[in-house]
Amino acid sequence: MFETQVKEFVHSARKVGAEPVLCTFATSHTKKNLPDVPGEVTDFLFRYNVYLSLSGWFETITRFNQTLKRVADEEHIRLVDLDLVVSGHPEYFRDFVHFPLKGTRRWQKPSMRGFRPSSSKVRQRNIERALENLVNFNSVEFSAFFVCVLVLYTVVFYRERWRDVLLLAASYFFYMSWNWKYAGLLAFSTIVDYSVGLVRHGNNGLERGRTS
């Protein structure tokens with residue numbers, strides 16, 4: 001799942017003429033100095049996820065970085081390996097993941113070598129390409145789409161099931177016209193939301209039955 005999302009980011013960046021860059025995740029401590037992890041770091045981790053053990057956290061981060069490195073190799077793109085430069089050195093961190101000025105200077109010079117800033121013309125061209133893929137609400141295409149949906153909605157207004165199907169189909173068409181890959185995400189969201197609604201509706205019915 002994560003690898004797929006990273007590759008989609010890479011391909012989306014290339015579509016608009018940008019050069020994608022991946023960056024590994026750096027932490028103040030690693031599995032190698034696991035016994036030395038202070039209590040405040042442990043509290044910080046469990047504040048955001050109580051389901052993973054301390055070793056589980058580090059294993060997840062390791063797999064996370066391995067995925068980034070693999071995608072960088074397969075896609076032939078630059079990787080800023082913060083994990084290699086500063087992970088396991090608490091003196092370069094303010095907490096588990098954030099850098100003070102000392103930590104920033106430590107990774108900045110070796111990691112940023114070889115980067116060349118884009119010219120203003122290149123940046124402008126990339127921005128224009130990105131804007132072309134965005135939905136323009138005052139375009140002729142969107143106006144035609146809106147009118148069609150409005151007319152159909154008026155026709156099926158008194159048929160609740162058809163009305164819901166129309167709005168769902170129009171939503172899918174709208175988002176897929178921008179990027180069809182989001183259809184899976186929309187389908188997942190639809191199933192989850194609908195299932196939660198059914199459960200809540202059933203629970204409300206049980207509560208009403210009990211009170212009556």
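User: What counts as an element here, and how do the elements of the protein chain run from the N terminus on?

Analyst: Helices (H or I, at least four residues) and strands (E, at least two) are DSSP runs, numbered from the N terminus, and on that basis the elements of the protein chain follow the order α-β-α-α-β-α-α-α-α-α-α, which comes to nine helices and two strands. The model is a predicted one, in which local features need pLDDT of at least 70 and side-chain atom pairs count only at pLDDT 80 or more, whereas totals for chains, interfaces and linings use all residues. Residues are numbered from 1 along each chain as its sequence is written, and side-chain values use heavy atoms, with hydrogens and water left out.

User: Why is H7 called roughly antiparallel to H8?

Analyst: The axes of helix H7 (residues 140-155) and helix H8 (residues 160-176) come within 10 Å and cross at roughly 170 degrees. Axes are lines fitted to C-alpha atoms, for helices over the stretch in contact, with angles running from 0 to 180 degrees between N-to-C directions. Angles over 145 degrees count as roughly antiparallel (under 35 is roughly parallel, 65 to 115 roughly perpendicular, and the rest oblique), and therefore H7 is roughly antiparallel to H8.

User: Which residues make the contact between H7 and H8?

Analyst: With contact meaning heavy atoms within 4.5 Å, H7 contributes Phe-142, Phe-145, Val-149, Leu-152 and Tyr-153, and H8 contributes Arg-163, Leu-166, Leu-167, Ala-170, Phe-173 and Phe-174. These residues divide into ten nonpolar, no polar and one charged, where Ala, Val, Leu, Ile, Met, Phe, Trp, Tyr, Cys and Pro count as nonpolar, Asp, Glu, Lys and Arg as charged, and the others, Gly among them, as polar.

User: What makes Phe-9 partly exposed?

Analyst: Phe-9, whose place is in helix H1 (residues 2-15), has a relative accessible area of 43%. Buried means under 20%, exposed over 50%, and partly exposed in between (1.4 Å probe, protein chains only), so Phe-9 is partly exposed. Not counting residues up to four places away in sequence, Phe-9 touches Pro-20, Val-21 and Leu-22; the C-alpha atoms of Phe-9 and Leu-22 are 9.8 Å apart, with the two residues 13 apart in sequence.

User: What share of the protein chain is buried?

Analyst: Of the 212 residues in the protein chain, 25% are buried.

User: How much of the contacts with a separation of 6 or more comes from residues 24 or more positions apart?

Analyst: Such residues account for 63% of those contacts in the protein chain.
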